Amino acid sequence: MGTLVQVTPLSGVYNENPLSYLVSVDGFNFLIDCGWNDHFDPSLLNPLSRVASTIDAVLLSQPDTLHLGALPYAMKKLGLSAPVYATEPVYRLGLLTMYDQYLSRKAVSEFDLFTLDDIDAAFQHVTRLTYSQNHHLSGKGEGIVVAPHVAGHLLGGTVWKITKDGEDVVYAVDFNHRRERHLNGTVLESFVRPAVLITDAYNALNNQPPRQQRDKEFLEKTILKTLEAGGNVLLPVDTAGRVLELILILEQFWAQRLLNYPIYFLTYVASSTIDYVKSFLEWMSDAIAKSFETSRDNAFLLKHVNLLINKSELDAVPIGPKVVLASMASLEAGFSHDIFVEWAADAKNLVLFTERGQFGTLARMLQADPPPKAVKVTMSKRVPLVGDELIAYEEEQKRIKKEEELKASLAKEEESKTSHVPDSNLNDPMVIDTGNMNVSSDVVGPHATGYQDILIDGFVSPSTSVALMFPFFESNSEWDDFGEVINPDDYIMKDEDMDHAAMHVGEYANGKFDEGSANLILDTRPSKVVSSELAVQVRCSLIYIDYEGRSDGRSIKSILAHVAPLKLVLVHGSAEATEHLKQHCLKHVCPHVYSPQIEETVDVTSDFCAYKVQLSEKLMSNVLFKKLGDYEIAWVDAEVGKTENGTLSLLPISTTPPHHKSVLVGDLKMADFKQFLASKGVQVEFAGGALRCGEFVTLRKVGNPGQKQGGGSGTQQVVVEGPLCEDYYKIRDHLYSQFYLL
């Protein structure tokens with residue numbers, strides 16, 4: 001029986017809701033992604049709440065709210081306490097994304113689902129991995145290996161590969177095969193024939209235009225045209241995801257055209273975002289890394305984009321055409337919401353969407369065809385309490401404080417009673433039992449109070465005493481000729497402590513947040529949120545151009561056909577897109593395609609029969625290994641037996657081993673073989689997909705290793721064609737030399 005694999009969606013199937021999936025591998029429970037939407041609707045997390053305590057590990061794939069937004073809440077309220085794995089950019093940028101989300105909402109509402117401290121506490125559980133790093137789990141997960149690989153959607157975005165007993169479970173949602181300005185394309189195509197592939201159908205029905213055509217429409221026909229007409233351009237963006245690609249596009253275009261129109265990037269964490277991104281060049285495209293290596297040119301040393309962390313700074317800039325990239329992309333909160341309300345009524349202005357709005361958000365409503373002519377929005381702001389409201393608030397706080405003090409004193413009395421041990425002093429003649437003493441009123445006097453002086457003759461240790469003398473602690477310090485020996489570890493901060501301190505110092509103390517957000521964190525003045533509803537006339541232009549950074553439907557189908565998984569699970573996408581991709585894959589990819597509903601568990605265990613066996617010492621002592629790259633290989637003739645504890649073991653064969661056909665081991669690359677033959681003095685060239693060697697001999701590959709049927713492995717042959725002559729045998733010998741013969 002193969003590795004037991006079960007998949008249970010907790011959110012994000014047959015719709016565009018946040019992503020969250022429970023994947024069980026031989027009883028070890030992975031939570032892959034822990035997303036929330038911009039409404040922060042707790043009801044979406046009900047399925048997660050039912051299994052949170054059983055999670056053994058969390059894997060995060062992207063640094064945006066849809067993939068990790070529920071992590072702080074789940075850690076605080078739902079009992080999730082498992083270790084978390086992510087790449088360094090997903091950790092850093094995901095943290096900033098959650099900061100921005102919290103501050104955006106705290107400024108306009110009594111947001112209490114989580115706090116900044118909850119965000120910090122949740123992200124302290126994260127173990128950071130690099131691309132292609134194999135991380136071996138221990139304990140319950142012994143034998144399981146997880147590894148992140150390039151997804152190509154967001155910086156640090158991950159395709160997760162989970163391996164157990166040689167079988168791969170690949171989780172690849174929101175991937176992009178196209179190489180962009182700041183990211184390389186995904187490596188998903190390098191995975192061939194995994195046991196299980198979990199992927200999304202989000203873009204299955206969409207096709208993208210060529211990059212040059214899209215860039216021209218984005219820059220010249222929309223943004224530049226609006227600016228030249230005297231209008232402003234608003235781009236609602238995420239905090240630290242696709243906005244990075246947009247910033248580079250605008251930077252390069254402004255430099256090429258020598259434009260002077262100002263560009264502003266406005267979020268609560270804009271400065272921190274760019275500061276961190278400057279240090280993540282090794283996670284970016286080859287072009288950016290090469291440029292930095294050769295000329296020390298950092299692509300994110302911005303010359304045309306100005307960073308703002310306060311809307312008052314934007315209000316203070318000179319009046320005139322400008323481009324503003326502001327969070328949030330959904331227009332539900334953040335600076336983009338307020339700017340839209342201010343600019344929507346001017347027909348010269350443009351609101352340019354670069355991603356589809358989340359379902360039920362203002363952005364999604366404005367992207368409808370045709371767009372609405374007017375929308376109702378809620379404008380909210382936080383104001384300090386004054387007058388009677390302030391007095392009432394202070395009285396309520398005093399009342400609450402008195403209640404807390406009373407509870408504390410009662411608890412202290414209760415603790416004092418429980419700590420008293422009367423039995424230990426019953427036989428002590430020097431102790432007077434005050435608990436059963438009845439003192440007459442004549443002795444006490446007519447004005448007696450509740451307090452009575454009790455004379456105790458002799459020394460009595462208090463009930464809370466822990467020693468009969470002043471405390472003495474013996475020092476175990478070691479000394480040498482120079483004094484006390486110091487342990488350096490006592491003075492070294494742990495990595496997570498340094499990260500936590502650096503984040504707070506960098507964000508709070510060094511002014512990375514604007515004045516408004518700093519007040520939310522540091523200002524304890526009583527305040528309230530004042531809201532009002534407005535009817536906004538939408539006269540500005542509304543345009544959507546796809547810069548989501550996901551592979552389109554045509555590319556997805558091609559990639560899935562190349563990967564050719566044994567079993568395929570489809571998640572995250574509209575019902576129409578999911579069914580469309582499912583029917584296509586059943587015909588052209590594999591016969592086992594699943595699209596489960598919420599909390600529906602599908603068993604995708606492979607049909608292979610795999611067994612663990614030991615190689616006995618007797619067998620291994622007679623095996624001759626041959627070196628093959630970083631590995632050693634050998635042909636083994638053996639028979640299966642059992643050890644004393646019942647484990648299967650390979651033992652030396654008891655009879656004469658039969659003869660076996662020669663096996664050539666290796667992977668021939670025609671381009672490399674061409675260079676090899678040229679070095680041996682053979683005239684060689686490619687012609688019609690084959691390798692022409694000399695005048696008479698031709699080599700060609702037959703078969704496609706990616707096209708495999710059922711559960712078997714694909715075959716690929718190298719065919720040597722030509723007359724039996726000296727050149728033929730010489731080429732054949734050279735060909736054999738590229739393989740290992742067993």
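Axes here are lines fitted to C-alpha atoms, for helices over the stretch in contact, and angles run from 0 to 180 degrees between N-to-C directions. Helices (H or I, at least four residues) and strands (E, at least two) are DSSP runs, numbered from the N terminus. We're working with a predicted model, where local features need pLDDT of at least 70, side-chain atom pairs count only at pLDDT 80 or more, and totals for chains, interfaces and linings use all residues. Residues are numbered from 1 along each chain as its sequence is written, and side-chain values use heavy atoms, with hydrogens and water left out.

**Exercise 1. Work out how α4 and α5 pack.**

Step 1: get the geometry. Helix α4 covers residues 88-106 and helix α5 residues 116-123; their axes are 10 Å apart, at an angle of about 165 degrees.

Step 2: classify it. That makes α4 roughly antiparallel to α5 (over 145 degrees; under 35 would be roughly parallel, 65 to 115 roughly perpendicular, and the rest oblique).

Step 3: list the contacts, meaning heavy atoms within 4.5 Å. From α4, the residues include Tyr91, Leu95 and Met98, and they meet a set in α5 that includes Leu116, Ile119 and Phe123. By class, the contact of α4 with α5 has nine nonpolar, one polar and one charged residues (Ala, Val, Leu, Ile, Met, Phe, Trp, Tyr, Cys and Pro count as nonpolar, Asp, Glu, Lys and Arg as charged, and the others, Gly among them, as polar).

**Exercise 2. Decide whether Phe191 is buried or exposed, and find its contacts.**

Step 1: check the relative accessible area. At 10%, Phe191 is buried (under 20%; exposed is over 50%, partly exposed in between, with a 1.4 Å probe and protein chains only).

Step 2: skip neighbours within four places in sequence. What's left is His149, Val159, Lys161, Val170 and Val563. For Val170, 21 residues away along the chain, the C-alpha separation from Phe191 is 8.6 Å.
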